[in-house]
Structure formats: C-alpha cells, structure tokens
Amino acid sequence: MKIKNLHLVCFSPTQTTLKVLQAMAAGLEIKPVVHDATLNLQGIVLPEFDQDDLVLVGAPVYGGRIPSQALHFYSSLKGRQTPAVLVALYGNCRVGDALLELEQLCLLGGLRPIAAASFIGEHSYSEEIAGGRPNREDLQLAGQFGRMVGAKLSADNFDPVEVPGNRPLAERKPAQPATWAPLTTDDCIYCGICVENCPMEIIDPIEPKNITEPEKCIRCGSCVKKCPVQAKYFEGEAFDRLMAYLNESCQEEKEPIIYI
Ligand SMILES: Cc1cc2nc3c(=O)[nH]c(=O)nc-3n(C[C@H](O)[C@H](O)[C@H](O)COP(=O)(O)O)c2cc1C
C-alpha cells in the first residue's frame with residue numbers, strides 16, 4: 001500500500017507523546033496532519049480516515065490506561081479499515097492496559113492496528129523519573145519504527161500484532177473529582193503560559209494563582225512543567241505518597257518495546 005496521508009492523533013499535555021509521533025513521521029518521511037487534542041479537548045473533530053491513510057495514535061498512560069478525560073476523543077476515531085499504529089507513552093512505571101485499550105478503541109472505530117509500541121516519557125510529576133525522555137536514542141528508535149511501519153505497508157502486510165494488557169479489559173471505574181491540584185508561589189510573573197497550556201482551561205487568566213474549578217484538574221503536569229519561573233508545584237499527602245512510590249519503584253530506566 002502507498003500511504004496517501006499520514007495523520008498523527010494524540011492528547012499530550014507534556015508533549016512526550018507528540019514528540020514520539022513526530023519522530024515516527026520523520027522516519028516515514030511524510031509531512032503529517034496533526035490532530036492534537038491537548039488544547040481543544042472538547043472541540044476537536046477527527047475526520048473519517050481513508051483506507052489508504054496511515055494513522056499514528058498516541059496516548060499518555062494515566063493509571064495504566066489512557067486518560068479518562070480524553071476517552072471521548074480517542075473513542076471518536078473512525079476509519080475504513082485504515083491502518084493504525086498504537087503508541088503509549090508512560091512515565092517509566094507501567095504501561096498497564098493502555099495499548100490494549102487503544103487497540104479496542106481503534107477496532108471499534110473501524111481502524112486496523114498493524115503495529116504498536118510503548119515508549120518512555122519523563123514522568124509528568126518529576127524530572128527525576130525518566131528525566132529528559134524521550135531522549136535522542138528513543139527518538140532515533142521512533143524514526144526507525146516509522147520506517148519499519150512504512151516497509152510493512154509497502155509489502156501490503158496488514159497482519160495484526162499482539163499488544164500487552166489484561167484480557168478482558170477491565171471496566172473503567174467512574175472518574176473521581178480531583179482532590180488535589182497545583183499550587184502557586186508568589187514568584188508567579190503573570191506571563192499566562194500556564195493559562196494558555198491548561199487542557200482543562202481552569203487556570204484563572206486574571207489571577208493565574210487560582211484554579212477556578214480544582215475538581216476538574218487532571219493533574220497532567222503541564223502548568224508545573226511549563227512555568228518559566230517554577231512557581232507552580234504539587235503538594236500534599238496524596239502527592240507525597242505518589243512521589244514516594246515513584247522514587248521507590250520507578251527509578252530504574254525502562255526501554256521502549258516495539259510490536260510489529
Ligand atoms: C494522572 C497521571 C497518571 C499517570 N499514570 C502513569 C502510569 O500509570 N504509569 C506510568 O508509567 N506513568 C504514568 N504517568 C506518567 C505519564 O504517563 C508520562 O509522563 C507521559 O510521558 C506523559 O505524556 P505526555 O507528555 O504526552 O503528557 C502518569 C501521569 C499522570 C499525569
């Protein structure tokens with residue numbers, strides 16, 4: 001099959017997922033159409049993909065699944081037996097059932113998963129967990145993976161792959177309102193970067209130290225990572241418990257896995 005259009009589909013608050021998809025597209029040497037829902041989670045509309053398109057579907061792993069707040073977006077994927085590649089970005093702890101969930105959503109939408117991969121991204125909550133990843137080697141591998149997908153399609157090979165995950169996929173628990181959200185120090189310079197980059201649009205544009213609807217915060221880490229003066233931070237018992245777990249169990253760096 002010759003690829004007509006290459007599409008990248010993702011939700012990527014701290015951009016590690018987007019970076020890996022872009023490196024794959026570079027490997028394929030095709031300029032992609034990017035459907036990034038990060039800052040338009042409610043409004044983005046995906047086209048129906050054609051049989052000779054290729055769709056790279058990437059998602060960050062949240063709690064071993066794809067982020068529940070972006071589920072409706074990934075559920076809106078629609079194709080006509082369009083080949084798809086599934087990519088999960090995880091913060092060096094566990095990829096869990098995220099690839100299996102992406103596979104099911106793609107199949108439901110009429111896409112045809114032909115390859116998959118898990119890559120590692122710097123953890124949303126700490127530069128000390130997989131800091132700087134995806135690094136140069138990861139992105140080189142993503143480029144190679146892109147070329148491998150291109151070769152598979154050139155050979156008209158649409159064989160499915162077996163992705164990891166617990167079968168049958170467990171039903172999702174209803175999303176709970178957030179009990180903690182980022183705080184802000186007096187170092188805030190009112191630049192508005194956090195306001196512009198909050199996927200949930202809940203940082204007050206006039207007083208960015210305030211989160212207007214904290215219960216909607218998905219704790220994606222975008223405002224904390226993007227603040228140019230490190231004024232945003234997480235704090236509290238739940239966060240400390242999580243960090244203790246991350247530091248204890250997720251320090252040893254993992255490697256990407258490709259399924260093709
Ligand atoms: C709410 C939340 C839950 C997360 N859960 C996991 C997890 O279960 N396993 C893991 O390894 N990383 C987990 N992470 C880390 C992200 O998967 C990782 O940092 C990823 O690279 C973020 O993708 P993005 O840069 O595209 O936003 C979690 C991050 C957040 C914000």
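**Figure 1. Pairing of strand 1 with strand 4.** Leu8 stands opposite Leu56 in strand 4, and the bridge partner of Cys10 in strand 4 is Gly58. Strand 1 (residues 6-10) and strand 4 pair in the parallel sense over five bridges; two strands pair if DSSP finds at least two bridges between them. Helices (H or I, at least four residues) and strands (E, at least two) are DSSP runs, numbered from the N terminus. The model is predicted: local features need pLDDT of at least 70, side-chain atom pairs count only at pLDDT 80 or more, and totals for chains, interfaces and linings use all residues. Residues are numbered from 1 along each chain as its sequence is written.

Figure 2. Five of the five residues of strand 1 are buried, and the strand is mostly covered. A residue is buried if 20 or more other C-beta atoms lie within 10 Å of its own, exposed if 12 or fewer, and partly exposed in between, with C-beta atoms placed from the backbone. Leu6, Leu8 and Cys10 point one way from strand 1, and His7 and Val9 point the other way. Four bridges join strand 1 to strand 2 in a parallel arrangement, with Val9 having His35 of strand 2 as its bridge partner.

Figure 3. All seven of the seven residues of strand 4 (residues 54-60) are buried, so the strand is largely enclosed by the rest of the structure. Leu54, Leu56, Gly58 and Pro60 point to one side, whereas Val55, Val57 and Ala59 point to the other. In a regular strand the side chains alternate between the two faces of the sheet. Strand 4 also runs parallel to strand 6 (residues 82-90), to which six bridges join it; here Leu56 stands opposite Val85.

**Figure 4. Helix 1 and its packing.** Helix 1 (residues 16-28) has 13 residues and reaches 19 Å from its first C-alpha to its last, close to the 18 Å expected at 1.5 Å a residue; the expected span is 1.5 Å times one less than the number of residues. Because 12 of its 13 residues are buried, helix 1 is largely enclosed by the rest of the structure. The buried residues pack against strand 1, strand 2 (33-36), strand 4, strand 6, strand 7 (111-120) and helix 4 (136-154), where contact requires C-beta atoms, placed from the backbone, within 7 Å. Glu29, whose phi is positive, near 60 degrees, follows the helix.

**Figure 5. The shell around the ligand.** Of the 25 residues around the ligand, Thr17, Pro60, Gly91, Cys93 and Gly121 come nearest; a residue is near if its C-beta atom, placed from the backbone, lies within 6 Å. Helix 1 and strand 6 each supply at least two residues of this shell. Domain 1 (6-168 + 255-259) and domain 2 (183-235) both give residues to the shell, so the ligand lies between them. The domain bounds come from an automatic or database domain assignment.

**Figure 6. Glu253 in its loop.** Glu253 lies in the loop between helix 7 (237-249) and strand 10 (257-259). With 12 C-beta neighbours inside 10 Å, Glu253 counts as exposed. Not counting residues up to four places away in sequence, Glu253 touches Asn92 and Ala130. The C-alpha atoms of Glu253 and Ala25 are separated by 25 Å, the two residues being 228 residues apart along the chain.

Conventions
Two residues are in contact if their C-beta atoms, placed from the backbone, lie within 7 Å.
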